[in-house]
Amino acid sequence: MASPADLFLKIGLDENTAKNTVANNKVTANLTAVIHEAGVADGCDRTVGNLLYTVATKFPANALVHRPTLLKYIISSKIKTPAQLEAAFSFLSTTASDKLNVDDFEAACGIGVEISLEDIKKVVNEIFEESKAVILEQRYRMNVGEIFGQIRKKQPWADPKIVKQTVDAELYSLLGERTAADNEKPTKKKKEKPKPEDKAIVEEAAPVPEEEINPFSIFPSPEQNLKVHTEIYFSDRPVLRASNSRELLNKHLKVTDGKVLTRFPPEPNGYLHIGHAKAMFVNFGLAKERGGCCYLRYDDTNPEAEKKEYIDHIEEIVGWMGWAPFKITYTSDYFQELYDLAVELIRRGHAYVDHQTPDEIKAYREEKKNSPWRDRPIEESLKLFDDMKRGLVEEGKATLRMKQDMQSDNFNMYDLIAYRIKFTPHPHAGDKWCIYPSYDYAHCIVDSLENITHSLCTLEFETRRASYYWLLDALGLYQPYVWEYSRLNVSNTMMSKRKLNMLVTDNWVDGWDDPRLMTLAGLRRRGVTATAINTFVRGIGITRSDCSLIHLNRLEYHIREELNKTSPRTMVVLNPLKVVITNMDASVMDPDAKKWPDAPADDPPPFYKGGVPFSKVVYIEQSDFRMKDSKDYYGLAPGKSVLLRYAFPIKCTEVILGDDEETILEIHAEYDPSKKSKPKGVLHWVSESSPGVDPLKVEVRLFDKLFISENPSELGKDYLGDLNPHSKVVVKDAYASSCLKNAATGDAFQFERLGYFVVDKDSSPEKLVFNRTVTLRDSYGKVGK
């Protein structure tokens, strides 16, 4: 058997083209198939070979059913020019998989139309007469391609070789021999630099790519679902070009009324994480943008892994993310239909009952060997499958496998398991079934039964595309449009459900909603809003570029942007240091402390009234005081002044030390009631609400990255050693402004100079608990980090 390179040389390709073609697996497969379909494996004329190469690289994928017909026209020289071939592509692309109207096709491609030399000369003479002045001026330096273009418009089926010979002869007749001046390159005019105002107009008018404005513009409409979805190559039968027939598509469109239908299909075996937020955005977002509907479908094929807790959580968190399902369904809703179709699959000779153990199946797949039971009689498999359903076969003693192709280059075509026995009641379906369908069997069929138009999933499922379409084709079912997008991978965290489950069950974190996790429940508890998450996901886009790690900073940027607009400001001191203002009496002042930065005075209500008292005793951060001052330090030091935010400048007059002469017990200071002094440093603070009464005491939890490494998944089994020991720091006795005393669970605030915080569900009437959502980027240093 000839190698691909030899095959390509036999049809007249030059060595360089043949070599480049072999380097491209897809083109190699297509061209090899085209050569065999055309019956020219022993060689052909170079002109025919070039046309075959064009067919292999440009043939419309939605009309592959008509490719053999086109090849017959090429081999018989009824289609012999590139122009005819392009016309054929255009016609077939419109026809798609519908019945080919031969008369219309031949008319569109100029088949049977003979253009004589006299016809060509006549057109060339007409065009030269029209362009004579330009030709005489530019001579051989003119763009001859424009002349050829005009000829093609008037005589599209003319032989291009004869056209070129005629044009060359006419040019020589009109211009004579080339001169030295004819061979000189024309001087290019120097482009003038646009004026600043012109440049601004150009930049303003520059079009923004449609996919940036609308990320869903890349997806086709339901009416366009006639194209070939994929080509599946078999070792023992012809290539399968999976596509819908016009009849199947029309039936689907009649049921859906042409609407876009998508689905978000999580498996209820854990809590959803930020990767699921992207899946929601893609599926719910596309349906919303096109005026369609999106199912929330629980992929509940494994009764051992699913829990009602997870089902309830998923429904609740989908709503929190802002999405409203058109309908909530379960794969288990379709168990009867799936079983009936499995029986039909056996009847059609596409499935069989197998008795291999999991280890035997694995070994046989590695060696690409067929199961000993692969070719058992259909009636035998039907009876055994019925026995499996009725509970007459022990668990692990039999499976139903799809008869695909054990010699395929795609391991997801190695006779995948369709059904297995599990004597386990189902959380949703009860104890009716003891056989359960696999994901590979159920997923595509339920997509079809629910008339899903766009089946969108992450790139790791791309190798399953062949199995997806093979099964639907084998059962004669409607085929949705499948498209894979890149997974969302965020730095310094773990996205594997299995590993997340282990972190939770082994108590490395405090449950599925631990604020250090990238679960949506954890992010919500941390104070991250659904708006910020959706904005972050939209900003990443819907791409197929895989293996990209999105840095956590990018998510934090969107969190800050959102919370900056929605979180009132207040002051909390994490590690209090007492400051006694010696020149102030025991009265309590009520300074104008703004809830919002730069809020106009007439905004209701821009100020806290009585919520931020200022008295003789205030508390500042321990880190905001030093015994020795320096030029680059803006905190308080002996003899130095600072401004207390919203209040007055104070100057340190005395430092009270403990018995060890090192521990600072308290600071004595004087304030400037006139506010004439203008210190550079501005500190946050908290005051006694009344003489001798401590400020509001709160607990503050400072959360940081869960893992030290950016990509802990690369560490394999050693990832637990990468856990950040400082990912959670609890400050038990922080002081807060009294305006926070009535804060409720979920309320978010900006603690000035510290970051954004949210009231945690662990709060009680006795003590509020705050979680840090994200830090601030400020010029004062990372206080309390």
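Q: Does Asp-409 count as buried, partly exposed or exposed, and at what relative accessibility?
A: In this predicted model, Asp-409 is placed in the loop between β7 (399-402) and β8 (417-421). Exposed residues are those with over 50% relative accessible area. Asp-409 therefore counts as exposed, its relative accessibility being 78%.

Q: What is the C-alpha to C-alpha distance in space between Asp-409 and Phe-234?
A: Asp-409 belongs to the loop between β7 and β8. Along the sequence, Asp-409 and Phe-234 are 175 residues apart, while in space, C-alpha to C-alpha, their separation is 8.8 Å.

Q: Which salt-bridge partner does Lys-403 have?
A: Lys-403 is buried, with a relative accessible area of 19%, and sits in the loop between β7 and β8. The partner lies 28 residues away, in the loop between α18 (358-366) and α19 (378-389), so that the pair links distant parts of the chain. With the closest N and O atoms 3.9 Å apart, the residue that forms the salt bridge with Lys-403 is Asp-375.

Q: Are Asp-514 and Arg-516, which form a salt bridge, buried or exposed?
A: The closest N and O atoms of Asp-514 and Arg-516 are 2.8 Å apart in their salt bridge. As for their accessibility, Asp-514 and Arg-516 are both buried.

Q: How many salt bridges does the count come to?
A: One of the features built from such pairs is a network of salt bridges that links Asp-513, Arg-525, Glu-699, Arg-701, Lys-732, Asp-760, Lys-761 and Asp-762. The rule asks for a side-chain nitrogen of Lys or Arg within 4 Å of a carboxyl oxygen of Asp or Glu. By this rule the number of salt bridges is 46.

Q: Which residues form the negative surface patch that includes Glu-661?
A: Glu-661 is placed in the loop between β21 (649-657) and β22 (664-671). With a relative accessibility of 57%, Glu-661 counts as exposed. The residues that form this negative patch are Asp-659, Asp-660, Glu-661 and Glu-662.

Q: With which residues is Ile-314 in contact, leaving aside its neighbours within four places in sequence?
A: Ile-314 is part of helix α16, which spans residues 308-320, and at 0% relative accessibility it counts as buried. Once those sequence neighbours are left aside, the residues in contact with Ile-314 are Pro-266, Glu-267, Pro-268, Gly-270, Leu-272, Leu-296 and Tyr-298.

Q: Against which elements do the buried residues of α24 pack?
A: Helix α24 covers residues 530-540, and its buried residues are Ala-530, Ala-532, Ile-533, Asn-534, Phe-536, Val-537 and Ile-540. The helix is followed by Gly-541, whose phi is positive, near 90°. The elements against which the buried residues of α24 pack are α15 (274-289), α16, β12 (489-490), α23 (520-526), β13 (549-550) and α25 (552-566).

Q: What positive phi does Ser-77 have, although it is not a glycine?
A: Most residues other than glycine have a negative phi. Ser-77 is found in the loop between α5 (67-75) and α6 (82-95), and at 40% relative accessibility it counts as partly exposed. Although Ser-77 is not a glycine, its phi is positive, at about 65°.

Q: Where is Asp-257, which has a positive phi although it is not a glycine, found?
A: The phi of Asp-257 is about 60°. At 67% relative accessibility, Asp-257 counts as exposed. Its place is in the loop between α14 (246-256) and β3 (261-264).

Q: What distance separates the C-alpha atoms of Lys-132 and Lys-697?
A: Lys-132 is found in helix α9, residues 132-138, and counts as partly exposed at 34% relative accessibility. Lys-132 and Lys-697 are 565 residues apart along the chain, and the separation of their C-alpha atoms is 94 Å.

Definitions and conventions: Residues are numbered from 1 along each chain as its sequence is written. This is a predicted model: local features need pLDDT of at least 70, side-chain atom pairs count only at pLDDT 80 or more; totals for chains, interfaces and linings use all residues. Side-chain values use heavy atoms; hydrogens and water are left out. Patches are made of residues with over 30% relative accessible area and no salt bridge: like charges are joined within 9 Å, nonpolar side chains (Val, Leu, Ile, Met, Phe, Trp, Tyr) within 5 Å. Accessible areas come from the Shrake-Rupley method with a 1.4 Å probe; for residues, only the protein chains shown count as cover. Lys and Arg count as positive and Asp and Glu as negative; His and the chain ends are not counted. The place of a charge is taken as NZ of Lys, CZ of Arg, CG of Asp or CD of Glu. Helices (H or I, at least four residues) and strands (E, at least two) are DSSP runs, numbered from the N terminus. Buried means under 20% relative accessible area, exposed over 50%, partly exposed in between (1.4 Å probe, protein chains only). Contact means heavy atoms within 4.5 Å.
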